[in-house]
Amino acid sequence: GDTVSICKNESVSLVEQGTDVQTWLWNTGSNDPYINVGTAGDYSVTVTNTLGCKGIDSTYYKISGEAPTVYFEADTVCFGDSTTFINASTINLPDAIDTYQWTFGDDSLSVIAEPRHHYQSADTFVVQLTVTAVSGCSSFYSDSVVVKPNPQAGFFIENGENHCTSN
């Protein structure tokens, strides 16, 4: 088999060359069509089709780094206020975080670690943060952010009523 560089705990899927694969058996003992590779080494899979025929493939996976754990929180604000994003992303040493990429759900972007964003309307927006490590491994997290509409203040005076004010 080949040698492939991947990130730690990256999901590795079998790409089926044939049809009618019925079972998978990885050398890890997994019977799923995919495995998560956490350590470097040789990984092999035996597949069996509906006719009972078997095929085997193997690959050596080299760990090139570890993807960051990505998480953020954001406050719920009223329209007109800026939303503050608290970035709680982490990564294990010796790797380090290289870049942040925010998409705010309104066609706006940012590369700042902890941005503030001003939305142009009251709504619920799906925000995504993608964090890339120096090793090139990346991961993302998405969550909804709410911008509440402002209340409409107003009053009226009914016709025909006397309203007096005094000093």
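Is C137 buried or exposed? C137 is buried, at a relative accessible area of 1%. Buried means under 20% relative accessible area, exposed over 50%, and partly exposed in between (1.4 Å probe, protein chains only).

This is a predicted model: local features need pLDDT of at least 70, side-chain atom pairs count only at pLDDT 80 or more, and totals for chains, interfaces and linings use all residues. Residues are numbered from 1 along each chain as its sequence is written, and side-chain values use heavy atoms, with hydrogens and water left out.

**View 1. The disulfide of C7 and C137.** The sulfur atoms lie 2.0 Å apart. A disulfide is a pair of cysteine sulfur atoms within 2.5 Å; the count is one. C7 sits in strand β1 (residues 3-8), C137 in the loop between β13 (123-133) and β14 (138-148), so the bond ties together parts 130 residues apart in sequence. Strands (E, at least two residues) and helices (H or I, at least four) are DSSP runs, numbered from the N terminus. The S-S torsion is about -100°, so the disulfide is left-handed. C7 is buried at 14% relative accessibility.

**View 2. Two further cysteines, C53 and C78.** C53 is partly exposed at 46%. C78 is also partly exposed, at 29%.

**View 3. The ring pair of Y71 and Y141.** Rings of Phe, Tyr and Trp (its six-membered ring) pair if their centres lie within 6.5 Å; planes under 30 degrees apart count as stacked, over 60 as edge-to-face, the rest as tilted. The count is nine aromatic pairs. In Y71 and Y141, centres lie 5.0 Å apart and planes meet at 50°, so this pair is tilted. Y71 lies in the loop between β6 (54-66) and β7 (72-74), Y141 in strand β14, 70 residues apart.
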